[in-house]
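Please read them with the structure open.

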Amino acid sequence: MAAGLGWALALRRREEPFLLLAAGVVLAAVALVPLMFLGGELGKGDALRHAAHALSAPRTWALFVSSLGFATAVTVLCLAIGLPLGLLLGRADVPLRRVALWLHAFPVFVPPFLLALGWFHVFGRGGLAASTLGARLLFSWPGAVAVLALALTPVVTSLVAVGLQAIDPSLEEAALLVAGPRRTAAGILLPLVRPATALAALVVFSLAFSELGVPMFLRVPVYPGMVFSRLGGVDYAPGEAFALALPLFAVAVGLLLFERRAAGRRSFAVLGLRSREVPDLRLGHWRPVAIVFTAAAALLPVAPLAALVIDAARGHGFSELAQWIGASAWNSLFDALMAATLVLALSVVIGHAAARGRRGGVGLDALAVLAFVTPASVLGVGLIATWNRPSLQGVYGTSAIVALAFAARYGAVGLRTAAVSFSQGSEHYEEAAAIGGARFLRRLGRILVPIHARGLLAAWLLAVVFCLRDLETAVLLYPAGQEPLTVRIFTLEANGPGSVVAALSCVQVAMTAAVLAVGSALLFRRKA
Amino acid sequence: MSTSIQLDGVTVLRQGRKVLDDVSLAIPASETLSLLGSSGSGKTTLLRVVAGFVAPHLGVVRLGDALVTERGRIVLAPEERDVAMVFQDLALWPHLTVHGNLAFGLDGKKVPRTERDDRIAAILARVGLSGKERRHPGELSGGERQRVAIARALVLDPRAVLFDEPLSNLDVGLKQELLALFRELLGERRATALYVTHDPREAQALGDRTAVLDEGRIVHLGRIDDLRSRPDLPFARMILEALG
């Protein structure tokens, strides 16, 4: 009795570390344990022989290097387009900047393979602008790089634009007094936004290196595809999949080290909103060129999406939708909402700890980032190794496993958004509550969450849309008969009716747009 | 007279530099001590040590008879110290009304609802804010927000009140008016207060005694007028010049 009371008292007095511990245990269970189990699998039976066989094949390493090159090319192209575009859309005197940024950014919330499908409906056989050369280019290594770069460039553009808006206006004004807009942009603004640029490069590289849908659709062999084929295809060999996942994990650790060095907690500070307005940078005689560039960036993503709508309408895909869609849209939404809610709960606790530099918070933030940069195939294989056992079918055999996998993979998205929000609020709000007698849970519920409600809603919304667009994680783990919409489209793509696939893609796009519209309405509504 | 706040040999290191260097200080109950120093002298850090937000590397802090901090360890968390603080940026919670800001601490102490509302009404009447209970901080003027901040601190009837340069951004007229109000309120309640400022006139106006902090060390403790006998000290000359 006395021991129980003592424990309860200790718990009350140390609510913050206990809550952080609980959040850390959950995050470790979904993100760290699978990676450890992956290592454990190699010690079983013939696993080491399989590993030696898989990793000694020259083709394995050729494909690995080629995939690294693929992700690097996508990242370089995204930076080449996204950096100037972020500067133009974030700070320059270009008309309709906000609309252009929204249009340009939307594709990042759509599964990239749908954009590939859309471009196929533009340039491919029977497409709106079909030609042999166009089709050949599309179904090639440069074609796949271009499609994926167009899908992921908004990551760079948005982070750079937001980062630029967070720079202290006086730094910019001090530069403008002694230099023109061009020198100010090149010498002051872009270097100041380097942590945001580094973060953007990391996100793009991670997503490109994980990407399965675009390369598989455009017939470009990539390393994660080889892992995937060992788990569900004709080359079924799970032992080899575990071994093949190891080099991918090594890349993930390298990316984490890069992130810690180049961005880390500094990215919390650069992703805020400035406190006062400064005049737009004047482009002078470069303005017409800039307008054409931003207009192209805004309108280009519309082309593949429009092609999907046209093809679905022409082939009566929409009228056949009910026969093919099943519960997949609902499954997508359900999985995404479950995962995003779990991500939000973790983000409130861990994001706060990371933003305030609490012991353990920075380490858990690093773990979330590691799970994000780890290719989905590695995390998926780890989750299979951990959860696929008879006693755990209550989780593995249901959509809970997809939600847990999403929470692991996209936890960093919510966590970082929440951390940015917390780090921008005055620490004095919570100190005033603490000194007013409130323990951590009460401070969290009554002060921190209400004050940061918008930031936390943004974290939840981003987690929802990232889960909705996922193919790579879900395709490895979805329980029989409960596939999400992305998986349904991906599996029908090979041999389903083209117009129905296009119509299903339109549903996916509409669903994402609706979630973003509702979320944005909540985020930007004025207080009564 | 019992001691309300006591620091013994408090040293705080930041990146190898001593922000506070062997600071010892005793503030008797009901006294207001002004803590005067230039930017970076360590005065806000000292306040945060008393509040429990910073754990010193060396030294101990007592509030009344209770040991609240000892070398590198927070014994009593800020929420258990029964002190109140008025922050430089006031830190009024923007999502709560004036009433909500004042009620938050009382609710945590499980003060019955009727008593809570009576105490809030009384303190708001005292600071001249009756009728503004339902306003949010964003709907108040700068002076009104200052009054809410002091009311929020005093409504809890704390063991001590800590002020972190709350008047630093105000014009002279409003500053004089609020200093007079602070002095009256602290006097009426016989509250112990530690008032951090970089303005010698504020220090003189409010403090029974003044401690001057320079590079983390207390270089003077007593009445501010006593500095007139120390013209050899550069900081004394500056302070006396500021006082005119």
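**Notes on the predicted model**

1. Chain A contains 29 helices and zero strands. The model is a predicted one, and every remark below should be read with that in mind. Of the 528 residues in chain A, 51% are buried. Taking the contacts in chain A between residues at least 6 apart in sequence, 83% join residues at least 24 apart.

2. One helix pair in chain A is worth a look. Two packed helices are described by the angle between their axes and the distance between the axes. For helix H21 (residues 376-387) and helix H23 (residues 400-424) of chain A, the axes come within 11 Å and cross at roughly 135°. H21(A) is therefore oblique to H23(A). The crossing of H21(A) past H23(A) is right-handed.

3. The residues behind that pairing can be listed. H21(A) contributes Ala376(A), Leu379(A), Gly380(A), Leu383(A) and Trp387(A), which meet Ile401(A), Ala405(A), Ala408(A) and Arg409(A) of H23(A). By class, the residues of this contact between H21(A) and H23(A) are seven nonpolar, one polar and one charged.

4. Leu283(A) sits in a loop of chain A, between helix H15 (266-270) and helix H16 (287-299). Val487(A) is 204 residues from Leu283(A) in sequence, and the two C-alpha atoms are 45 Å apart.

5. Chain B has an open sheet of six strands in the order E7-E8-E9-E3-E10-E11, with mixed pairing. E7 and strand E11 (217-222) of chain B are the edge strands, each pairing on one side only. From one strand to the next, the twist averages 20°. H4(B) packs on this sheet, where it touches E7 and E8 of chain B, and the direction of H4(B) makes about 175° with that of E7(B).

6. Several strand pairs in this sheet can be checked by their bridges. E7(B) and E8(B) run parallel and are joined by four bridges; Ala84(B) has Val161(B) as its bridge partner in E8(B). E8(B) and E9(B) also run parallel, with five bridges between them, and Leu162(B) is partnered by Leu194(B) in E9(B). Strand E3 (residues 32-36) and strand E10 (residues 209-214) of chain B are parallel too, joined by four bridges, with Ala211(B) in E10(B) as the partner of Leu35(B).

7. How many residues of E8(B) are buried? Five of its five are, and E8(B) is mostly covered. Both faces are accounted for: Ala160(B), Leu162(B) and Asp164(B) are buried on one side, and Val161(B) and Phe163(B) are buried on the other.

8. Helix H1 (residues 43-51) of chain B is largely enclosed by the rest of the structure, because seven of its nine residues are buried. The buried residues of H1(B) are Lys43(B), Thr45(B), Leu46(B), Leu47(B), Val49(B), Val50(B) and Ala51(B).

9. Two loop residues of chain B deserve a backbone check. Most residues other than glycine have a negative phi. Asp157(B), however, has a positive phi near 55°; its loop lies between helix H4 (142-154) and strand E8 (160-164) of chain B. With 15 C-beta neighbours inside 10 Å, Asp157(B) is partly exposed. Arg190(B) has a positive phi near 50° and lies in the loop between helix H5 (172-189) and strand E9 (192-197) of chain B. Arg190(B) has 9 other C-beta atoms within 10 Å and is exposed.

10. Finally, the interface. Contacts between the chains involve 19 residues of chain B and 18 residues of chain A. On the chain B side, strand E7 (83-86) and helix H2 (98-108) each supply at least two residues. The chain B residues that touch chain A comprise 13 nonpolar, three polar and three charged.

Technical notes: Residues are numbered from 1 along each chain as its sequence is written. Chains are lettered from A and ligands numbered from 1 in the order in which they are written. This is a predicted model: local features need pLDDT of at least 70, side-chain atom pairs count only at pLDDT 80 or more; totals for chains, interfaces and linings use all residues. Two residues are in contact if their C-beta atoms, placed from the backbone, lie within 7 Å. Ala, Val, Leu, Ile, Met, Phe, Trp, Tyr, Cys and Pro count as nonpolar, Asp, Glu, Lys and Arg as charged, and the others, Gly among them, as polar. A residue is buried if 20 or more other C-beta atoms lie within 10 Å of its own, exposed if 12 or fewer, and partly exposed in between; C-beta atoms are placed from the backbone. Axes are lines fitted to C-alpha atoms, for helices over the stretch in contact, and angles run from 0 to 180 degrees between N-to-C directions. Angles under 35 degrees count as roughly parallel, over 145 as roughly antiparallel, 65 to 115 as roughly perpendicular and the rest as oblique. A crossing is left-handed if the near helix is turned anticlockwise from the far one by less than a right angle, and right-handed if clockwise. Two strands pair if DSSP finds at least two bridges between them.
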